[in-house]
Amino acid sequence: MIKNNIFSIIVALVILFLSLTSSHTFGRVGFINIPYIDKMAHFGFYFLFMSVIIIEHRNSLVNTRQLILAALVPFCFGSIIEILQSGIEIINRRGEILDLMFNTAGIAAALFLWLFYKPYYKDR
């Protein structure tokens with residue numbers, strides 16, 4: 001199982017590290033002041049996570065139901081991380097519903113892009 005999902009596991013570990021590391025670790029970059037850049041990062045990380053899952057399992061995802069079930073993995077992972085951020089005081093982070101919404105948007109964008117690239121009705 002680990003061999004078949006190595007890239008997904010690596011992406012998940014990077015997301016976990018970045019999500020549970022104290023916000024003081026990153027500090028503020030003075031010359032980059034883009035509003036809501038953290039939300040863009042949430043979107044990008046979960047788009048990447050779902051894309052890697054799709055690519056690793058592209059031969060076994062034979063219908064939309066399986067694709068949506070596979071999308072539950074990064075969604076639940078992101079939800080658990082947001083709960084952990086709310087519950088662990090040491091890391092100086094806050095779990096936010098808006099973060100979870102951008103996680104979900106990244107997952108959905110990867111799903112729609114895959115379905116646009118490889119629609120299942122053409123395979124019949």
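Predicted model: local features only at pLDDT ≥ 70, side-chain atom pairs only at ≥ 80, totals over all residues.
Student: Okay. What secondary structure does the protein have?

Tutor: Five helices and zero strands. Reading from the N terminus, the order is α-α-α-α-α.

Student: Why does N103 count as buried?

Tutor: Buried means under 20% relative accessible area. N103 comes in at 1%, so it counts as buried. This residue is found in helix α5.

Student: Which residues does N103 touch, leaving out those up to four places away in sequence?

Tutor: H42, Y46, G78 and E82.

Student: And what makes I83 exposed?

Tutor: Here the cut-off is over 50%. I83 has 60% relative accessibility, so it counts as exposed. You'll find I83 in helix α4.

Student: How far apart in space are I83 and I97?

Tutor: Their C-alpha atoms are 9.9 Å apart, and in sequence the two residues are 14 apart.

Student: Now the helix pairs. Why are α4 and α5 called roughly antiparallel?

Tutor: Look at the angle: α4 and α5 pack at about 160°. Angles over 145 degrees count as roughly antiparallel, and therefore α4 and α5 get that label. Their axes are 10 Å apart, and α4 passes α5 in a right-handed crossing.

Student: Which residues of α4 and α5 meet?

Tutor: From α4 there are T64, L67, A71, P74, F75, G78, S79 and E82. On the α5 side you have D99, L100, N103, T104, I107, L111, W114 and L115. Sorted by class, this contact has nine nonpolar, five polar and two charged residues.

Student: What about the largest nonpolar core: how many residues does it have?

Tutor: It has 19 residues. Those with the most contacts inside this core are I15, Y46, F49, M50, I54, F77 and L111. The elements giving two or more residues to the core are α1 (6-20), α3 (37-56), α4 (64-87) and α5 (97-117).

Student: Which helix gives the most to this core?

Tutor: That's α3, with six residues.

Student: And which residues is F77 in contact with, leaving aside its neighbours within four places in sequence?

Tutor: A12, I15, L16, Y46 and F49.

Student: One last thing: what share of the contacts with a separation of 6 or more comes from residues 24 or more positions apart?

Tutor: Those residues account for 78% of such contacts in the protein.

Methods
Residues numbered from 1 in each chain as written. Heavy atoms only, no water. Core = buried A, V, L, I, M, F, W, Y, C linked by side-chain atoms within 4.5 Å. Buried < 20%, exposed > 50% of the residue type's maximum accessible area, 1.4 Å probe, protein only. Helix = DSSP H or I, 4+ residues; strand = E, 2+ residues; numbered from the N terminus. Contact = heavy atoms within 4.5 Å. Axes fitted to C-alpha atoms, helices over the stretch in contact; angles between N-to-C directions. Parallel < 35°, antiparallel > 145°, perpendicular 65-115°, else oblique. Left-handed = near helix turned anticlockwise from the far one by under 90°. Nonpolar A, V, L, I, M, F, W, Y, C, P; charged D, E, K, R; others polar.
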